[in-house]
Amino acid sequence: MEEINRNPYILPNVSLLVNIKCNLMADKRKSGLYAKRSENFPNYYCENQRKYLIVLTGPTWELPAILGPHLSMSRIPQLYYGHFHPLLSVHEQFSDLYQMPPKDTSLPLAMVSLVVYFRWNWVGAIISDEDHGIQFLSELREEMQRNIVCLAFVSIITNDEVSYNKMHINYYKQIMMSSAKVVIVYGDKDSPIHLNFILWKSVKINRIWISMSQFDRITVFGDFLLDSFHGTLIFSHQISEMSGFKQFMQTVHPSNYSNEISFSRLWWIYFNCSLSSSNCKRLKNCSTTNLFEWLFKHEFGMSMSDSSYNLYNAVYAVAHSLHEMLLQQVDLWLQNTGKGLEVDTKQNIQFVNPAGDLVNMNQKAKQDTKYDIFYITDFKQYCGIKVKIGEFSGHFPNDQQLYISDEMIEWATDFR
């Protein structure tokens, strides 16, 4: 938003403002479905309040699913920036919702291509029990049969808490009794799958995990969620380097963003600050250390996550959409000072973001995703490595879709 507000070529003489809502999901669980009449629904506006032009939701898909019907009633469009979810594409339910993330149409093929490259032909799978998990499993089976790769076992992890408590021992036995040393992991980042890996931390299940960026996560103990002696292979949407990102990280501090929840959370987690009891935004007893110094000291990566990149593009999509509409509705804007302006997410907006990537808001016109392939592993507490070892692109002919750097693998693992 700072970039956009400084840019004289996008929304000149107009500033974007944001109102961040904290812990909506937790509040929803506490209050249940029956809110008092005097309480406003999240993101609703009263007669004397100014209406939000658009709402950005994420990173979990449950939030837009819950808010969707309420926002549709008031014709407020929402842009979802988490990981793609098929449910949110049902137009009858979410007519004013747009998903920023690309659909992972090439992921089963990309993973099987990697398996074939390393000549692994006996592979297990751990899948979340959701529509998109079952769809992924179906496509994965097809690609495996086409490439003569055998599926040793499939663990479909239930989302029901009671059932999960009964079954989690069986999930462990299934993977330990199988002779498959390579296991594909697919599911929502907040599904019970991540509980499996937290429980398995102490027993050190030595498998080669193949997964996607949702599970490229650092735990509270400072190590990777998918920990393995043999390391983990992660598929992540290809993201170009942000020219101003490093400079932003060098100067960022909660004192510069007094209303921002996310920065307060970072300092609370990493710098032993204490949160005020009145709200989740104010910090007490805080270090003056800036985040970049801490990241440099701990040698963390300086790249955006997929969700962060989707959010970055979502804000630019709002800016470009408003810019186009203002050019078409100058008279309306002058007369009503913006009060009559409504964002139309059905506009065919496409633009090149500051990283040089083309962002196309026409979901039907989106092409196959390009993936970067990373090797990650822990080798001592608070210390691990994440190395890009290859790429996959569905754009290219079959024999050119996968590129693997043997030199980078040998450098990262000390063997080929």
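**Figure 1. Arg 146 and Glu 143 meet in a salt bridge.** Their side chains come to 2.9 Å, N to O. A salt bridge here is a side-chain nitrogen of Lys or Arg within 4 Å of a carboxyl oxygen of Asp or Glu. The model is predicted: local features need pLDDT of at least 70, side-chain atom pairs count only at pLDDT 80 or more, and totals for chains, interfaces and linings use all residues. Residues are numbered from 1 along each chain as its sequence is written, and side-chain values use heavy atoms, with hydrogens and water left out. Both partners lie in helix α5 (residues 131–146). They are three residues apart, about one turn of the helix. Helices (H or I, at least four residues) and strands (E, at least two) are DSSP runs, numbered from the N terminus. Arg 146 is exposed, with a relative accessible area of 54%. Glu 143 counts as buried, at 14%. Buried means under 20% relative accessible area, exposed means over 50%, and partly exposed lies in between (1.4 Å probe, protein chains only).

**Figure 2. Arg 6 pairs with Glu 2 in helix α1.** The salt bridge between these side chains spans 4.0 Å, N to O. Helix α1 covers residues 2–6. Arg 6 is exposed, at 62% relative accessible area. Glu 2 is partly exposed, at 41%.

**Figure 3. A salt bridge links Lys 388 and Asp 372.** The closest N and O atoms are 3.0 Å apart. Lys 388 belongs to strand β14 (residues 383–393) and Asp 372 to strand β13 (residues 370–380), so the pair ties together parts that are 16 residues apart in sequence. Lys 388 counts as partly exposed, with 34% relative accessibility. Asp 372 is buried, at 7%. Salt bridges with shared partners join Asp 372, Lys 388 and Glu 391 into one network.

**Figure 4. The whole chain gives the setting for the close-ups.** A search of the whole structure finds four salt bridges. The chain has 13 helices and 15 strands. Of its 416 residues, 45% count as buried. Contact means heavy atoms within 4.5 Å. Among contacts between residues at least 6 apart in sequence, 61% join residues at least 24 apart. The accessible surface comes to about 23700 Å², and 52% of this belongs to carbon and sulfur atoms. Accessible areas come from the Shrake-Rupley method with a 1.4 Å probe; for residues, only the protein chains shown count as cover.
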